[in-house]
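Hello,

Here is the structure you asked for. My notes follow below it.

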Amino acid sequence: MTFLGLVISASGFVLDMIVPFMTIEYTRGTMQIANIIHSSAAILMSAMAMGHIYIGTIGMQGSIDGMKTGYVDATWAKEHHELWYDELKKSKP
């Protein structure tokens, strides 16, 4: 996601003709390539964000309850965050 964000920013600078550290010829071909890269990266990043939201809410049973209440059952915690679960088990008497 970070990489795609950087790609979107860089191609956006080209599209806005404000590349600060390079001399670029803003020809029609350059702008078309920047537009294709910009839109492709934005579509891919949007799809990844929607997938992340889906998995984090209704795609994984118990996750939305954990976000709403702040509590999850021990089975869910062990399955998804085993190191955290083990640390909690060690700290309890």
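Ser11 sits in helix α1, which covers residues 2-15. Helices here are DSSP runs of H or I with at least four residues, numbered from the N terminus, while strands are runs of E with at least two. This is a predicted model, in which local features need pLDDT of at least 70, side-chain atom pairs count only at pLDDT 80 or more, and totals for chains, interfaces and linings use all residues. Residues are numbered from 1 along each chain as its sequence is written, and side-chain values use heavy atoms, with hydrogens and water left out.

Back to Ser11. Its relative accessibility is 5%, so Ser11 counts as buried. The cut-offs are under 20% relative accessible area for buried, over 50% for exposed, and in between for partly exposed (1.4 Å probe, protein chains only).

What does Ser11 touch, leaving out residues up to four places away in sequence? The list is Ala34, Ile37 and His38. Contact means heavy atoms within 4.5 Å. With His38 there is also a side-chain polar contact of 2.8 Å. (A polar contact is a pair of N or O atoms within 3.5 Å; within protein, one must be able to donate a hydrogen and the other to accept it, and residues adjacent in sequence count only if both atoms are side-chain atoms.)

Now the helix as a whole. α1 has 14 residues. From first C-alpha to last it reaches 20 Å, close to the 20 Å expected at 1.5 Å a residue. That expected span is 1.5 Å times one less than the number of residues.

Which residues of α1 are buried? They are Leu4, Ile8, Ser11, Gly12 and Val14. Seen down the axis of α1, these buried residues fall within an arc of 155°, so they line one face of the helix. The arc is taken from the directions from the helix axis to the C-beta atoms. An α-helix has 3.6 residues a turn, so residues three or four places apart point the same way. The buried residues of α1 pack against α2 (28-56). Exposed Thr2, Phe3 and Leu6 are on the face turned away from the buried side.

Met17 follows α1 and lies in the loop between α1 and α2. Its phi is near 60°, a positive value in a residue other than glycine. Met17 is partly exposed, at 47% relative accessible area.

One more residue, elsewhere. Leu88 is in helix α5 (residues 82-91). At 36% relative accessibility, Leu88 counts as partly exposed.

Best wishes
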